[in-house]
Amino acid sequence: MLESLLNGLAVVLQPMNLVILLSAVFIGFVGGALPGLSGVILVVILLPVTYGMDSTSAFMLLTAIYASTVFSGLITSILYRAPGTPEAVMTSFDGYPMTQKGEAGKALGIGILSSAIGGTVGTVALIVFTPLLASVALQFSSPEFFALAVLGLTVVASLGSDLLLGLIGAMIGLFIATIGIDPVTATSRFTFGSLNLASGINLIPIIVGMFAISEVLKRAGENSSHKAMKEFRIRIFDGAVLKKIRTTLARSSLLGVGVGILPGIGASTAAMISYSEAVRWSRHPECFGKGEANGIAAPEAANNAAAMGALVPLFALGIPGSGTTAIILGAFVMHGLQPGPTFMSANGELIYAVFVGLLIVNLMILAFAKPFIAVLSRLLNVPYAALGPIIIICCVVGTYSVQNSMFDVWLMLGFGVAGYLLEKINFPLVAIILGVVLGPIAESEFRRSLAMSQGDPMLFFTRPISATLLAAAIGIVTLTLLAPLWKRHRRRVAAA
């Protein structure tokens, strides 16, 4: 393995390949910071460019764009509450409040460090444990995927002060996820005869609308007097902050790798699950959503680790672990390559060059994030009367570019108004997003599981992994319901 890594390093250090990596990081930075774009879109756009490239350079380019895009989504998420990518949605819940408190530099420093650590942990796991992790992923079948989705949905029990509102939000998200073609019977559901709804509602219009557009509407209704933000200094290596978040970084990075290797789950789900676990393990869960450092470290470490973990089943089994890796799989086929159990032995130079390239990309993120953000953050001193329309234009262009659909743009604006109104009553928007992301996974895997067991729901409790995950989900919700009663009892005892 060491010899293969050294050979891969020699390939990466060739001048042309270094230029390719630098270009990929820059493209990923810009594309990921623009709301509506994502790694999938950038990889699809640049796929034709790889036609004339050799295979090693082509896949170094595509994987480096993927990794840097997952990182750069945090920039606009923290500065403007306009997540650049779906993976950065959770980052905005604590990143943007820190910006409002004048701690944008601190928030960005935490995000950069967490992303680099999570990406590095994910890449090391990709190098060392690919055969082992791929075999673990094969033990997950439909019941386990359903149980994992249920566990992810229990995040609503940890966020916000009202469990009922959280459950209502999750149900709304689950309903939105059912719109379109039934994944099992292929019949139309809630489309009302509209071809625009036949493929369902894309996640991008929902995220961009509820977070970016609603924030513009909220700021438009505030005092219009402009106050220039003070210059902030990004400190990536802050000893006091690192001491506070180190446990979260370790847990979230490992959790991200574990979730990332599960086919079809994705980095967005990893970020949500990691955030919920950070809340549950915290001694002060009430601080989350108000500018908590661990609320930035958890999703950023997890989503970057999961992005690398998603490459494990691709290389080892030929199974894409996410939407972006599905496009990369198509690129492999286009180049006459077929990932699978014998792929690493037959194409060792290519694979290890990609591995080393990803390690270098994480170092480049640490090196080039600050100057890139320094340029982008100048926009913070632009009066919001001018900045708001620019954000809306970027949101419209980004949303339209996903499917070249004006219908998606109207949906985005509609969800923006809905998000603005829901925030007026302190409704947890994250619960809706959670339902939309996890809904398709939960529904399709639940129905496949029942088909496997001929309608017997005990299948979920006779398989050890799914039973453990479901028991954890039930226990979390139960403890959340009982916690207020216990606190009330302790106050009575203390008063007596």
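## The model

The model is predicted, so local features need pLDDT of at least 70, side-chain atom pairs count only at pLDDT 80 or more, and totals for chains, interfaces and linings use all residues. Residues are numbered from 1 along each chain as its sequence is written, and side-chain values use heavy atoms, leaving out hydrogens and water.

## The whole chain

The chain has 21 helices and 2 strands (DSSP runs numbered from the N terminus: H or I of at least four residues for helices, E of at least two for strands). Of its 496 residues, 55% are buried (under 20% relative accessible area, with exposed over 50% and partly exposed in between; 1.4 Å probe, protein chains only).

Take contacts (heavy atoms within 4.5 Å) between residues at least 6 apart in sequence: 78% of them join residues at least 24 apart.

## Helices H11 and H12

Let's turn to a helix pair. H11 (residues 267–281) packs against H12 (residues 293–309) at an angle of about 145°, and their axes are 8 Å apart (lines fitted to C-alpha atoms over the stretch in contact, with angles from 0 to 180 degrees between N-to-C directions). On the H11 side, the residues that meet H12 include Ala-267, Ala-271, Ser-274 and Tyr-275. Their partners in H12 include Gly-295, Ala-298, Pro-299 and Ala-302.

## A nonpolar patch

Which residues make the nonpolar surface patch of about 340 Å²? They are Met-1, Val-124, Val-128 and Phe-129. Val-128 lies in helix H6 (residues 104–138) and is partly exposed, with a relative accessible area of 40%. Patches join nonpolar side chains (Val, Leu, Ile, Met, Phe, Trp, Tyr) within 5 Å and like charges within 9 Å, using residues with over 30% relative accessible area and no salt bridge (a side-chain nitrogen of Lys or Arg within 4 Å of a carboxyl oxygen of Asp or Glu). Accessible areas come from the Shrake-Rupley method with a 1.4 Å probe, and for residues only the protein chains shown count as cover.
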